Amino acid sequence: MRRLVLALILAALAAVPALADRLPEQAAGVVEYDIKVRLDPASKQLHATERVTWKNPSSDTVGELWFHLYLNAFKNSQSTFVKESGGKLRGDAMTPDAWGWIDITSIRTTSGLHLAKQLVFERPDDGNPDDQTVVRLPLAEPVPPGGSITLDITFVAQLPKVFARTGYAGSFYLVGQWFPKLGVYEPAGMRGRETGGWNCHQFHANSEFYADFGSYHVEITTPASFVVGATGVRKTEKINGDGTTTYTYEQADVHDFAWTADPRYQVVRATFSASRDVTTAEYDQVAGLLGRSRAEVLLQDVEITVLLQPEHMPQAQRHVDAAKAGLKWFGLWYGRYPYRTLTVVDPAFGGGGAGGMEYPTFITAGTTAIFNRWPFDRVRAPEEVTVHEFGHQFWYAMVANNEFEEAWLDEGINSYSTGKVMERVYGANASLVEFLGIGMGEVDTLRMSNSPAARFNRVMARSWEYTPSGTYGFYAYQKPEIILRTLENHIGEQTMARVMRTFQERWRFRHPRSEDFFAVVNEVTGQDFAWYFDQVMRGTDVLDYEVGEVTSTPIRQPRGVFDDAKGRRTVNEEDAAKADREAEEKRTATFRSSVTVRRSGGVYFPVEVAFKFDGGPVERLTWDGRDRTKVFTFDRPGRLEWVDIDPDRKVLLDVNWLNNGRRRDPDNRPAMNWTARWLWFVQTVISTLGMI
Amino acid sequence: MFTDIRRGFAAAVSHYRLVALVWVSYALLAVAATVPALSWWHGALSGSMEAATLLKRFNFAVLADALKYDGIGGFSMLTGGVVGAGLLALFASPFVMGGVLAVLGDKGRVHSFMARYFGGGGYFYWRFFRLMLIFGASVVVVGGATTMLAAAAAPLFGESEYGTYLGVFVDLVLVKFVCAAFFLALDYARIRVVQDDSRKMLRAYGAGLAFVLRHLLTTYAAALIVVSGAGLLLVGYLAYETLTPVASTWGLIAVLIAVQQAFHFLRTGLRIALIDTETRIWERLKPRPAVVEAAPAPSVSEIPHLLSSEGDDSPAPESS
């Protein structure tokens, strides 16, 4: 009954647009793509025609167009992508002689002007003469401000064997970054630009996307036996006379289009119901958290399609549940998912390089049959990758930063958001693994990744500039998550939730940069956090607080000659010592405790320091952390029992929590607990070898 | 075979002091190898407030923190301790096996338990050491060849996910199956050496291998049954670790250590039960020499003074 009432309320609210809704409904479309593509499984090639329309969003007259030709990253060993990756990426490696490329065979204007010979390869990032992932097209007729141009392109693309995101593996095809795709013309003022110009980077190993919003109409023809999934809504399905089928997909307000085909797919369909999958209490709780009306946090129904490999069918519900968890919590916290469909792709065995990717309304997950059954079903890798890639619908697909230049804005924010969802759904200490009594949560993995040695790169760097290249993962994913969690612990969960919501609302269907996020933080909190972001986003250093010298001794009676109102008084050693002894015996002595706290890293952050004295309550003081050391001194009736910097462990940036506290009386139980387990392991090894 | 196994288990029970001696020996070695780790963790954890989280749950992040300013010193110490103690145990193995066989084989109980164990260990040490080297070399050569064979056969299982897993599984099973023959051959060779006081180790190992191959079903089945017991023990221990609260008090830590040592004690007992079972299988199925003209019996002084395979077939209570 309660669900029925909620459904009625939702229906009523949906009928009346909420005036207070701050979520943009749609993007300002700059591009329109109309593509007809045919997959040839024998040659692993795509044969396609593309009609692309570009609307000049600037007040400039634009005399050229820039395109990405991503597939040329796999053309040879000399491309920037292959050179940077060494032919290995995310645990997968290139297959010899399975190159990929894309050729534009013709390009002409609607007036029939052929332009293919005008194409010029550009290498704006590294000047690599062998890289052909960006091409410039000088126009005979420049596009005036507010004007548009339509081009008809014919192209052939050879798909590579999957090792990085796109290609084939057996009968499995993941077709992403596959068509001649316009870069972004940034007018002066956009993302801090002083003059207008194209932003069209080469394809690098660690970078992926930046494109304008628009609409896509794509007709995909494959052999009839193939199961096809793609970005957007399937509009038609036409069986051709030649043993092929043509599927038509459409989607507006997106900036990319990807698709997949595999005859082995098992199709699992589910519906995320805004009335059944979210309770009224959850709507109210989130509305209260965000300070919004219930109408503003209401979600909408979404059709979920999971394309699973047959070996992974036992995990179908896990994928559906993870997708629903994403739709629910990302939607509640950051604003409803505005599209009608979500397709989750499970790459085939051998196509793992295509896993863990995001495209608008279309994501790839990745799992193994080992995770089908107990106890490995408690390893939540499939769930985490599904939630994470879904999260990119918010941080990449809608809030569409330039990932080439500021990858942290989507990967880092999305890692933070993913962690929050996983903790919410699966528990803080077991969100990733809950296996044979050993649980591991998001914070555990972040702590393990955060090292005192990680101080040679900035978070705010272009994705091909991290050195070594492999550190991209830490600086684009984990460190921003650590930074955001530390910020959340400082400003509070509610304020942080409002920061994230405001950022999404303000920048949905737009292209923000880091400074835009910082501005939202400052605006919502009413504070200037430049001191923080300058250190952790633009700086390279780390934060590590530690306890230095600790003393706690009785205050001895004064000795010597004293002059006061009554005249001169002498306290000799014997009398003073006696008084000291009596005070100790009667437990009336006062102890002077001195604690030196230190900052061994270069980054500072305000922190609480807790002190516990014998017989007394825990006392908390705040240290701004700016100085390298600070001495706290107390006169208390009891000795100092322990001291703990950041007792609530709010400062996740701290690279080592073990040195944050000090006990007067050692507690050997943790060491013994761990030693017992180690002893068992060692004894098992020894007795096995010793009884051969 | 089942009678042999039953009697093997009974022998392990009746020779509880032998089980205890082997268990204690390796427990002490393990403790010695663990002391540096205890010292390190005591220094890193005992004064730290954060370490208390270990009393709530197993937490890898704390270990990571302990390593952060330690470079690889702590990790090297841990692995170094295991490798060092493991090597020591490997070198001690011929002695322990000699002692075990001497105690199990002495049905007459003429000598004291300790004398039998240490006497047997010393008496057979170098012969068993050579047998172990032959075993090691055989496993490297044959195991390697089997692995290569399995790798070459892997495409037969196809390139699908299940096919690949099946290939790996078959590889593992095949390699284990083949290596198990050489491992069992080591056991039976040692039994032969003890009973015949043989000094030709290559021949003894060959005879052991031939025996295993000739009685493949019996020898494998007996070993599998006993090893399954060890598997059940491991499952039981992991269940205890999984289902019980973290050892956060001294009492619970003591219980954890007691459970761990019970696991190791029983595991040692199973190994000794297997050796006794194999001895009985050997005695029952060993090749009988052709009947020839009776040779004069050897003088008592020629027989190893500690050993006797004669007498009652059932285990007798330990003499004190």
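This is a predicted model: local features need pLDDT of at least 70, side-chain atom pairs count only at pLDDT 80 or more; totals for chains, interfaces and linings use all residues.

What follows is a short tour of a helix, an interface, a loop residue and a sheet.

Which residues of H1(B) are buried? They are Asp4(B), Ile5(B), Gly8(B), Phe9(B), Ala11(B) and Ala12(B). As for what covers the buried residues, the list includes four helices of chain B: H2 (16–45), H4 (73–105), H8 (216–243) and H9 (250–285).

## Where the two chains meet

Chain B puts 63 residues in contact with 49 residues of chain A. On the chain B side, at least two residues each come from H2, H3 (60–68), H4, H6 (161–196), H8 and H9. H2(B) gives the most, with 13 residues.

What kinds of residues make up the side of chain B that touches chain A? They split into 38 nonpolar, 16 polar and nine charged.

## A loop residue in chain B

Now hop over to Ala154(B), which lies in the loop between helix H5 (113–153) and H6 of chain B. Ala154(B) counts as partly exposed because it has 17 C-beta neighbours inside 10 Å, whereas a buried residue needs 20 or more and an exposed one has 12 or fewer. Along the chain, Ala154(B) and Val168(B) are 14 residues apart, and their C-alpha atoms are separated by 7.7 Å.

## A three-stranded sheet in chain A

Over in chain A there's an open sheet of three strands, in the order S27-S30-S33, with antiparallel pairing. Strands S27 (545–554) and S33 (629–636) of chain A stand at the edges; each has a single partner strand, so one side of each is left without a neighbour in the sheet. On average, and ignoring direction, neighbouring strands here are turned by 15 degrees against each other.

Let's zoom in on one of the pairings. S30(A), residues 591–599, is joined to S33(A) by eight bridges, and the two run antiparallel. Arg598(A) stands opposite Thr629(A), which belongs to S33(A).

Conventions: Residues are numbered from 1 along each chain as its sequence is written. Chains are lettered from A and ligands numbered from 1 in the order in which they are written. Two residues are in contact if their C-beta atoms, placed from the backbone, lie within 7 Å. Ala, Val, Leu, Ile, Met, Phe, Trp, Tyr, Cys and Pro count as nonpolar, Asp, Glu, Lys and Arg as charged, and the others, Gly among them, as polar. Two strands pair if DSSP finds at least two bridges between them. Axes are lines fitted to C-alpha atoms, for helices over the stretch in contact, and angles run from 0 to 180 degrees between N-to-C directions.
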